[in-house]
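Biologist: I'm new to this one, so please pick out the salt bridges and take me through them slowly. I'd like to hear about the charged side chains around them too.

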Amino acid sequence: DCLFSYGKSMTEKMLIFQLRKGSARAVERWYAEYSKRLFRFVVLKVPNAHDAEEICHDTFLSCMESRTVFRGNASLWTWMCSVVRHEIADYFRKRYAKKLLHMVPFSDAVLPESYLDMHETSDAVRAVLHALPIRDRELLILKYIDRLSVQNIARRLNMKFKAVESALFRARKAFQAAYAQEETRVEGERD
């Protein structure tokens with residue numbers, strides 16, 4: 001379904017323009033126009049309708065947070081599909097991480113402290129990634145989780161090699177700053 005989004009109509013261009021400006025009416029229209037379609041797409045990929053609904057809401061929020069960086073090279077639907085795929089991947093990463101921890105009874109008593117520290121670090125990394133703007137998150141996931149080369153990322157995102165390098169540099173800096181803040185916050189909670 002996400003693959004077949006042909007050109008943008010004039011009304012879609014206006015909708016994108018209004019969304020970028022933050023128009024509440026445009027947001028309502030956008031949600032009304034795309035929410036059912038997005039739900040149908042997601043519900044086929046996750047185990048239950050409740051989780052699909054949550055993922056759809058997260059997708060709309062992520063899109064709203066990053067609406068100003070949407071370049072308009074693709075249709076609004078195609079862009080939303082790109083965002084929702086990352087939301088679905090995040091959903092399954094979290095789900096299977098939790099499942100693994102529940103499979104190991106008394107994990108804090110059985111596992112070495114270094115593993116528990118790794119788990120806390122993993123949670124912090126996930127939280128920081130989720131808090132980043134979607135473009136930074138997408139670049140970092142493609143580079144460090146999907147392990148794509150800069151050249152492949154450039155090809156995939158239809159960007160120039162140097163633009164990807166610069167964007168990755170900025171994304172890493174944003175991640176480092178956000179991670180430092182998260183560590184400070186967690187340390188404050190422990191004290």
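**Salt bridges and their surroundings**

Modeller: Let's start with Lys162, which makes a salt bridge with Glu165, their closest N and O atoms lying 3.3 Å apart. A salt bridge here is a side-chain nitrogen of Lys or Arg within 4 Å of a carboxyl oxygen of Asp or Glu. Bear in mind that this is a predicted model, where local features need pLDDT of at least 70 and side-chain atom pairs count only at pLDDT 80 or more, while totals for chains, interfaces and linings use all residues. Residues are numbered from 1 along each chain as its sequence is written, and side-chain values use heavy atoms, with hydrogens and water left out.

Lys162 and Glu165 are about one helical turn apart, because they sit three residues from each other in helix α9 (residues 161–190). Helices are DSSP runs of H or I, at least four residues, numbered from the N terminus. An α-helix has 3.6 residues a turn, so residues three or four places apart point the same way. Lys162 is exposed, at 58% relative accessible area, and Glu165 is partly exposed, at 30%. For these words, buried is under 20%, exposed is over 50% and partly exposed is in between, using a 1.4 Å probe and protein chains only.

By this rule there are four salt bridges in total. Another one joins Glu87 and Arg137, at 3.5 Å from N to O. This pair ties together distant parts of the chain, with Glu87 in helix α4 (residues 76–103) and Arg137 in helix α7, 50 residues apart. Glu87 counts as buried at 4% relative accessibility, and Arg137 is buried too, at 3%.

Now stay with α7, which runs over residues 134–145. Nine of its 12 residues are buried, so the rest of the structure largely encloses this helix.

Setting aside neighbours within four places in sequence, Asp136 touches Ala171 and Ala174, contact being heavy atoms within 4.5 Å. Just past α7, Arg147 has a positive phi of about 60°.

Key. Helices (H or I, at least four residues) and strands (E, at least two) are DSSP runs, numbered from the N terminus.
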